[in-house]
Each structure stands twice: as C-alpha cells, then as structure tokens.
Amino acid sequence: MASRPAGKTSKPRAASSDMLARSKIPVWIVKALLSSGIKRVSQLSSMTDDELLALPGIGKRAIELIRSFQSARESGGSQARGLPVRR
C-alpha cells in the first residue's frame, strides 16, 4: 500500500447524496444554484427563503420545490416524493 507524500492532504469529500447535481431537485433550479456557488443540498438548509430569493433565477416556485424536496429528504422518503407536480 503506497503512502501519501508528506504535506499532501486531500479535501474531505462531500457525500455524493449531498451534491446538488445528484439530487432530484429540478435541473433549472440546480443550474441557478450552481451558478451562485451552491454545490451541496446541505447548504440550502442554512439559508433563509429571503437569502434564496436574492439568488438569480430563484423565485417563490423554486423555493417551494426546494423546501418540499428537503422535507421529503428529512422524513426519509424518496427524494422525489413530496415534490408537487404542476400540470
């Protein structure tokens, strides 16, 4: 087993389930969040609705979908469950 060179440390990796790109959040919301530097679902939990609204491309509908996704995720259900479907 090779050892790591002295002075070289790797950044801790986020769980892949925490990455926005792998979430079930709609793509248009993910793109808006990524362009604002938000890469992890866990970052959304610490943000208020007003902070989210200040981001370009995020409006009331996006916040509804994000919060629905979070509550479904926290309740242990499928990430897709709880997201309202607009027809």
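Ser-23 is buried, with a relative accessible area of 10%, where buried means under 20% relative accessible area, exposed means over 50%, and partly exposed covers what falls in between (1.4 Å probe, protein chains only). The residue sits in the segment before helix H1 (27–35); helices here are DSSP runs of H or I with at least four residues, strands are runs of E with at least two, and both are numbered from the N terminus.

A word on the model itself. It is predicted, with pLDDT of at least 70 needed for local features and 80 or more for side-chain atom pairs, while totals for chains, interfaces and linings use all residues. Residues are numbered from 1 along each chain as its sequence is written, and side-chain values use heavy atoms, with hydrogens and water left out.

Stepping back to the whole protein, there are 4 helices and 0 strands, so to speak a plain α-α-α-α pattern when read along the sequence. The protein has 87 residues, and 29% of them count as buried. Its accessible surface comes to about 6300 Å², with 52% of that belonging to carbon and sulfur atoms; these areas come from the Shrake-Rupley method with a 1.4 Å probe, and for residues only the protein chains shown count as cover. As for contacts (heavy atoms within 4.5 Å), take those in the protein with a separation of 6 or more: residues 24 or more positions apart account for 38% of them.

Next come the charged pairs. Side chains of opposite charge can pair when their charged atoms come close. With a salt bridge taken as a side-chain nitrogen of Lys or Arg within 4 Å of a carboxyl oxygen of Asp or Glu, the count comes to 2 salt bridges. In one of them, Arg-67 pairs with Asp-49, and the closest N and O atoms are 2.9 Å apart. This pair links distant parts of the chain, with Arg-67 in helix H4 (residues 60–74) and Asp-49 in helix H3 (residues 49–53), 18 residues apart. Both partners are partly exposed, Arg-67 at 23% relative accessibility and Asp-49 at 37%. The side chains of Asp-49 and Arg-67 are also joined by a polar contact of 2.9 Å.

Beyond its neighbours within four places in sequence, Asp-49 is in contact with Ile-63 and Arg-67. Glu-64 is 15 residues from Asp-49 in sequence, and the two are 9.4 Å apart in space, C-alpha to C-alpha.

Glu-64 itself lies in helix H4 and takes part in a salt bridge with Arg-61 (3.3 Å, N to O).

Conventions:
A polar contact is a pair of N or O atoms within 3.5 Å; within protein, one must be able to donate a hydrogen and the other to accept it, and residues adjacent in sequence count only if both atoms are side-chain atoms.
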